[in-house]
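This briefing concerns aromatic rings and their surroundings in a predicted model. Please consult the sequence and the structure shown below while reading.

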Amino acid sequence: MRNEPERPARGRKLLAVDDNRLILRVIRDYFVPQGWEVTTAVNVAMARGALVGITPDVIVSDILMPEIDGWTFFEDVRKRKETSSVPFVFLTVERELPQRLRGLHLGADDYMTKPFAVEELYARIERLLERSAALKSARGDGREALLAGSVEHLAISDLLQILALNGKDGTVRLHRQSEEGRIEFVGGRIVDAQAGSAHGTKAL
């Protein structure tokens with residue numbers, strides 16, 4: 001029995017691209033009851049056409065598809081002003097680390113390997129949207145609430161990006177069980193770091 005998400009999506013839009021129609025059906029059947037508007041495409045040409053009419057909140061795309069692959073589609077998405085910052089998740093049978101790293105190095109937000117649990121996909125997308133909202137807030141009004149006190153709700157990579165976007169000066173102190181570290185910023189740029197006995201680049 002599936003564990004249903006606790007929070008409704010409230011009209012969020014998902015574009016799912018995969019040449020496997022069963023996978024698209026599984027995604028649609030899970031997301032639609034949660035309030036999502038799901039658009040599916042069995043190839044990149046269809047996905048490009050869909051983007052003319054909608055701006056999705058998140059995109060999930062297979063990599064290995066006939067004619068045009070997911071890498072090319074991802075580059076298309078990032079070149080378009082309307083979708084340049086839309087969270088993008090690669091979904092593929094590729095298991096080797098070099099392939100996974102390629103997607104992340106290109107700037108993809110996440111990477112899931114088939115077979116996958118649709119519940120996990122949903123949870124990861126929720127996390128990506130929370131991160132995206134935090135980054136947009138930082139770019140928009142520069143409120144200090146995200147930049148002071150405890151920031152346990154943010155991944156360290158997200159926090160560093162927010163500080164860089166705001167050009168902040170200060171120190172981030174990190175704690176994990178008995179381990180401690182710090183990262184110092186000047187004008188949003190990292191000038192020093194320490195983790196245990198390591199300093200500088202090694203600490204990062």
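Trp36 is buried, because its relative accessible area is 4% and the limit for this class is under 20%. The ring of Trp36 pairs with the ring of Tyr122: the centres lie 6.4 Å apart and the planes stand at 70°, so the pair is edge-to-face. This pair links distant parts of the chain, as Trp36 and Tyr122 are 86 residues apart.

**Position of the Trp36–Tyr122 pair**
- Trp36 lies in the loop between helix H1 (21–31) and strand S2 (37–41).
- Tyr122 belongs to helix H5 (residues 118–140).
- Tyr122 is buried, with a relative accessible area of 5%.

**Aromatic pairs and the partner Phe31**
- A pair of aromatic rings is described by the distance of the centres and the angle of the planes.
- The count of aromatic pairs comes to eleven.
- Phe31 and Trp36 have ring centres 5.3 Å apart and planes at 80°; an angle over 60 degrees counts as edge-to-face, so this pair belongs to that class.
- Phe31 is buried, and its relative accessible area is 0%.

- Ring pairs join Trp71, Phe73, Phe74, Phe88, Phe90 and Tyr111 into a cluster.
- Helix H3 spans residues 70–79, and its buried residues include Trp71, Phe73 and Phe74.
- Gly70, Asp76 and Val77 are also buried in helix H3.
- The N-terminal end of H3 is capped by Asp69, which has a side-chain oxygen 3.2 Å from the backbone nitrogen of Trp71.

How values were computed:
Residues numbered from 1 in each chain as written. Heavy atoms only, no water. Phe/Tyr/Trp six-rings, centres within 6.5 Å; stacked < 30°, edge-to-face > 60°. Buried < 20%, exposed > 50% of the residue type's maximum accessible area, 1.4 Å probe, protein only. Helix = DSSP H or I, 4+ residues; strand = E, 2+ residues; numbered from the N terminus. Polar contact = N/O pair within 3.5 Å; in protein donor to acceptor, adjacent residues only side chain to side chain.
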